[in-house]
Amino acid sequence: QVQLVESGGGLVQAGGSLRLSCAGSGRTFNGYAMHWFRQAPGKEREFVARINWSGSTTYYADSVKGRFTISRDNAKDTVYLQMNSLKPEDTAVYYCAADLSLGVQHPRYWGQGTQVTVSS
């Protein structure tokens, strides 16, 4: 079992930045690939970014590429999502997720989510 807790969400103006954190506990954190997803009101949950266990491989959705950066600190059992140049369409609940596999669309473990609101 892996427990995940997101933090760092909030209200920001368009063009601003936020850094989300996801703290893991339970099973060995550094054995898991970590993922960020988001869900906007009335829309399906969508993939944002993912990172492999060592941090050497990352993937991004086209909509955030060049603006968002995923990283991890295994010594702190934490994964981050640095979000720059935020747009109103980035408004959503952001979830981190963990799975032993990097390429899964439905990771096994999920956090409770953190709200990000970008005002125009």
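Student: Which residues form a disulfide here, and how far apart are their sulfur atoms?

Tutor: Cys22 and Cys96 form it, with sulfur atoms 1.9 Å apart. In general, a disulfide is a covalent bond between the sulfur atoms of two cysteines. The working cut-off is a pair of cysteine sulfur atoms within 2.5 Å. Searching the whole structure finds 1 disulfide. Keep in mind that this is a predicted model, where local features need pLDDT of at least 70, side-chain atom pairs count only at pLDDT 80 or more, and totals for chains, interfaces and linings use all residues. Residues are numbered from 1 along each chain as its sequence is written, and side-chain values use heavy atoms, leaving out hydrogens and water.

Student: What is the handedness of the Cys22 and Cys96 link?

Tutor: The link is right-handed, with 45° about the S-S bond. Cys22 sits in strand E3 (residues 18–26) and Cys96 in strand E9 (residues 92–99), so the pair ties together parts that are 74 residues apart in sequence. Strands (E, at least two residues) are DSSP runs, numbered from the N terminus.

Student: Is Cys22 buried or exposed?

Tutor: Buried means under 20% relative accessible area, exposed over 50%, and partly exposed in between (1.4 Å probe, protein chains only). Cys22 is buried at 0%, and Cys96 also counts as buried, at 0% relative accessibility.

Student: What is the strand order of the open sheet that holds E3?

Tutor: The order of its 4 strands is E1-E3-E8-E7, with antiparallel pairing. Two strands pair if DSSP finds at least two bridges between them. The edge strands, E1 (2–7) and E7 (68–73), each pair on one side only. E1 and E3 share 6 bridges in the antiparallel sense; among them, Ser7 has Ser21 of E3 as its bridge partner.
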